[in-house]
Amino acid sequence: MSEQFEFTLKATDGNARLGAIVMPRGEIRTPAFMPVGTAGTVKAMYLDQVRDLGADIILGNTYHLMLRPGAERVARLGGLHSLIRWQYPILTDSGGFQVMSLAALRQIDEKKGVTFKSHIDGSVHHMSPERSIEIQGLLGSDIQMQLDECVRLPAERAEIEKSTDMSLRWAERCRIAFGDQPGKAMFGIVQGGDLPDLRIRSARGLADLDLKGYAVGGLAVGEPQEVMLAMLETTLPELPTTKPRYLMGVGTPDDILKSVARGIDMFDCVMPTRAGRHGLAFTRRGKVNLRNARHAEDLRPLDEESNCPAARDYSRAYLHHLVRANESLAGMLLTWNNLHYYQDLMQGIRAAIAEGRFTDFMAETQESWARGDI
Ligand SMILES: CNc1nc2cc3c(=O)[nH]c(N)nc3c(CC[C@H]3O[C@@H](OC)[C@H](OC)[C@@H]3OC)c2[nH]1
């Protein structure tokens, strides 16, 4: 394995960027969509399929994996890559976000970090910035995220400021704990809520740490899309153009297009996988809710022109039946369709930027959704 982590900017089209991250375990073509593999699996998919759809990297979730099967156990079993049989890069979140959204009894102390009770068995856990980096190392993660606090919006300025400054100090502690691991990376996470001056303070503070990559956090937590986009326009100019930018938890296809247009390189979202398990299909002509009775006798496939068998070879009538019957195959086929749609969109975005026609691509894609489900 080579000892490198190298981001190359290959082309720009306005603020949209075409790039690649070369790591020992493989290359990540950007803009990239990273399927969420929370508990060591991209739900309802075989990882060979996920790879075949064009995913260069998947996500693992520190919070879930530290609780079950346990970080030390994963290390004893040879690390996450060999356990789940994914040989390419894995990015793991630090766990802070899930602690705040899933765990019971949560306390935050700047020195000690977060103390919480497992939502699985009620056991008490402590996660400091240093422990989060240690856990991500035990998992074998290639791109590790700093421990941070993601403030839920709306929030008072004082709360956002206190939390943002603490996350900045935690970034420094994570950088020290991560040390120098050639071929791996630790990303900082910009916070600052919906306050431009705090976003700038956070981004500049992280840029001073000269990290290998920067995530924009604290967004996609229920704020309107225009607030999210405004925070990108405030934050991104403060980050180095030579490092990848990762917008956490985003998003819908429309979110992704508009965020690429503002300079984001990496995305993760449960949308395609979670929606697939709930009967929702993403297509070139917009979203199709297969639970709806109007599909009961519609023999058309989701998209006769798609090269994904789940979109091309199965009738909506059959998908509707599977969804209504709550059959496992419903989630399998619709997750397959949705991840194919997302990776196909990313491939289209990358090609459009390479050819200097991203604005047209974005408009054409949005128009095709608007035509709706004929
Ligand atoms: C949905 N909206 C959304 N906004 C977010 C903001 C933050 C943030 O400020 N800090 C951190 N640390 N994480 C965030 C996250 C979680 C992403 C993870 O959540 C997991 O998906 C559910 C996945 O874990 C495999 C992913 O890993 C990076 C966010 N998600």
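Student: In which loop does Pro 31 lie?

Tutor: Pro 31 sits in the loop between β3 (26-30) and β4 (32-34). Keep in mind that this is a predicted model. Now look at the bond that leads into this residue. The peptide bond from Thr 30 to Pro 31 is cis. Its omega is near 0 degrees.

There is another cis bond to find. Go to Val 250 and Gly 251. A cis peptide bond joins them, with omega about 5 degrees. Gly 251 also belongs to a loop, the one between β13 and α10.

Stay with the backbone. Return to β4 and follow the chain onward. The loop between β4 and α1 (47-52) holds Ala 44. Check its phi. Ala 44 is not a glycine, yet its phi is positive, about 70 degrees. Is Ala 44 buried, exposed or partly exposed? Its relative accessible area is 34%. Buried means under 20%, and exposed means over 50%. Ala 44 therefore counts as partly exposed.

Ala 220 is in the loop between β12 (213-216) and α9. With 37% relative accessibility, Ala 220 is partly exposed.

Ala 220 also takes us to the ligand. One of its polar backbone atoms is 2.9 Å from a nitrogen atom of the ligand. A polar backbone atom of Leu 219 is 2.7 Å from a ligand nitrogen atom. Gln 98 uses its side chain: a polar atom there lies 2.8 Å from an oxygen atom of the ligand. How much of the ligand is covered? Alone, the ligand exposes 630 Å², and the protein buries 90% of that. There are 21 residues around the ligand. Asp 93, Gln 98, Asp 148, Gly 218 and Leu 219 come nearest.

Go on past α9. The loop between α9 (225-235) and β13 (245-247) contains Lys 243. What surrounds it? Beyond its sequence neighbours up to four places away, Lys 243 touches Phe 7, Arg 17, Asp 210, Leu 211, Lys 212, Gly 213, Tyr 214 and Asp 265.

Helix α10 covers residues 253-260, and seven of its eight residues are buried, so the rest of the structure largely encloses it. Those seven are Pro 253, Asp 254, Asp 255, Ile 256, Leu 257, Ser 259 and Val 260.

Two of these residues, Leu 257 and Val 260, are contacts of Phe 358. Phe 358 also meets Asp 13, Ala 16, Ala 261, Ile 349, Ala 352 and Ile 353, leaving aside neighbours within four places in sequence. 

That brings us to the cores. The largest nonpolar core has 71 residues. Those with the most contacts inside it are Val 50, Phe 116, Leu 247, Phe 267, Ile 349 and Phe 358. Helix α14 (residues 328-354) supplies the largest share of this core, eight residues. A second, separate core has 20 residues, including Phe 7, Met 23, Leu 91 and Tyr 246. Here is the general idea: in soluble globular proteins, nonpolar side chains tend to be buried together.

Phe 282 is in strand β15 (residues 280-283). It is buried, at 5% relative accessibility. From Phe 282 to Val 216 is 66 residues in sequence and 25 Å in space, C-alpha to C-alpha.

Last, the cysteines. How many disulfides does the whole structure hold? The search finds zero. Cys 150 has its nearest cysteine sulfur 14 Å away, in Cys 269. For Cys 308 the nearest cysteine sulfur is also that of Cys 269, 19 Å away. A disulfide needs sulfur atoms within 2.5 Å. Cys 150 is buried at 11% relative accessible area, and Cys 308 is buried at 1%.

Conventions. Residues are numbered from 1 along each chain as its sequence is written. This is a predicted model: local features need pLDDT of at least 70, side-chain atom pairs count only at pLDDT 80 or more; totals for chains, interfaces and linings use all residues. Side-chain values use heavy atoms; hydrogens and water are left out. A nonpolar core is a set of buried Ala, Val, Leu, Ile, Met, Phe, Trp, Tyr and Cys residues joined through side-chain atoms within 4.5 Å. Buried means under 20% relative accessible area, exposed over 50%, partly exposed in between (1.4 Å probe, protein chains only). Helices (H or I, at least four residues) and strands (E, at least two) are DSSP runs, numbered from the N terminus. Contact means heavy atoms within 4.5 Å. A residue is near a molecule or strand if one of its heavy atoms lies within 4 Å of it. A polar contact is a pair of N or O atoms within 3.5 Å; within protein, one must be able to donate a hydrogen and the other to accept it, and residues adjacent in sequence count only if both atoms are side-chain atoms. Accessible areas come from the Shrake-Rupley method with a 1.4 Å probe; for residues, only the protein chains shown count as cover.
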